[in-house]
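Hi,

Here is the structure I promised to pass on. Have a look at it first, and my notes follow below.

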Amino acid sequence: GEGCGIAVKAVADYIGKYLKGQLGVDIVTQRGSSKTWLAEDIDQDMLGRLLGVYSLFVVDDSQREQVLRVFADRNPRRALWILARIYFAVKTRKSISFTYTNTRNERKEYTINPYFTAFRNNGLYLVGKLIGKSDIRRFVLNRVENLEIIDDNIDSPRRFADAIPTAEEFFAGSLGAYGNTKEIVEMTIRYKKDVRLRIEDSLAHLGPDIAEKEEWVESTFRVSDVRTVCSQLLYLGSDAEIVSPPSARDQMRALLADALKVYTL
């Protein structure tokens, strides 16, 4: 369009060479017209990839910037080095060791097979499998110190052979930073209709089954981080309730009781 600083020919060349030629997206164009449109809906996987690239240019990701700023503040001289060491350890399948401070302020030593780093729940996480264990763990990268690459033999370094899940696979049943495909449970919640958008927007990627029942709406979905669901429902008060499983109701009761301890007169 006028004032955008991009020549019409450049757009036409891009459509022909990249969208049509490389991605196979069918674009309808009309000679002499500035209008261009899709011939049919884009495949969901392809649309996701396109949005991932396009959003980098047109969407301000302030949360990502804040997370990286905190990470840089904690590691002013080593931030880029840490990310690079982990990335190449994943690519070359080398184990890593580090010191980690957990939520109880305990410092422990870990050796893991690194899988990936990812932004989740307003944080930057390192995900990998503990050596000698079967469970996959996630670590807040800000709390990782003394990172080292494990090389048993410089001439023939050890490589781990794990089947590495993608971040999407690992967090498939998660609302927050917790991911564990072995602990996914079916959960049902109900909520008032006037808060449904706030709830259903956050549940959409879990593919919930939604049913309206008089003044309530019920959603059933499979999720791995029940505690995160409980935490998100807390601020809705009596407008939302966990229906099942009983263990999830117990977790919510425990959270409420714990919070009440500091507000009891």
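How many bridges join strand β8 to strand β10, and which way do the two strands run? Before the answer, please keep in mind that this is a predicted model. Strand β8 (residues 185-192) and strand β10 (residues 216-223) are antiparallel, and 8 bridges join them. Within this pair, E186 stands opposite R222 of β10.

Both strands belong to an open sheet of 4 strands with antiparallel pairing, in the order β9-β10-β8-β11. The edges are taken by β9 (209-213) and β11 (240-244); each has a single partner strand, so one side of each is left without a neighbour in the sheet. From one strand to the next, the twist averages 25 degrees.

Two helices lie across this sheet's strands. Helix α6 (residues 196-203) lies across β8, β9, β10 and β11, at about 160 degrees to β8. Helix α7 (residues 226-234) lies across β8, β10 and β11, and runs at about 5 degrees to β8.

For the overall picture, the protein has 8 helices and 11 strands, and 32% of its 265 residues are buried. Its accessible surface comes to about 17900 Å², with 50% belonging to carbon and sulfur atoms. Of the contacts between residues at least 6 apart in sequence, 57% join residues at least 24 apart.

Best wishes

Methods. Residues numbered from 1 in each chain as written. Predicted model: local features only at pLDDT ≥ 70, side-chain atom pairs only at ≥ 80, totals over all residues. Heavy atoms only, no water. Buried < 20%, exposed > 50% of the residue type's maximum accessible area, 1.4 Å probe, protein only. Contact = heavy atoms within 4.5 Å. Areas by Shrake-Rupley, 256 points an atom, 1.4 Å probe, with all protein chains shown as cover. Pairing = 2+ DSSP bridges. Axes fitted to C-alpha atoms, helices over the stretch in contact; angles between N-to-C directions.
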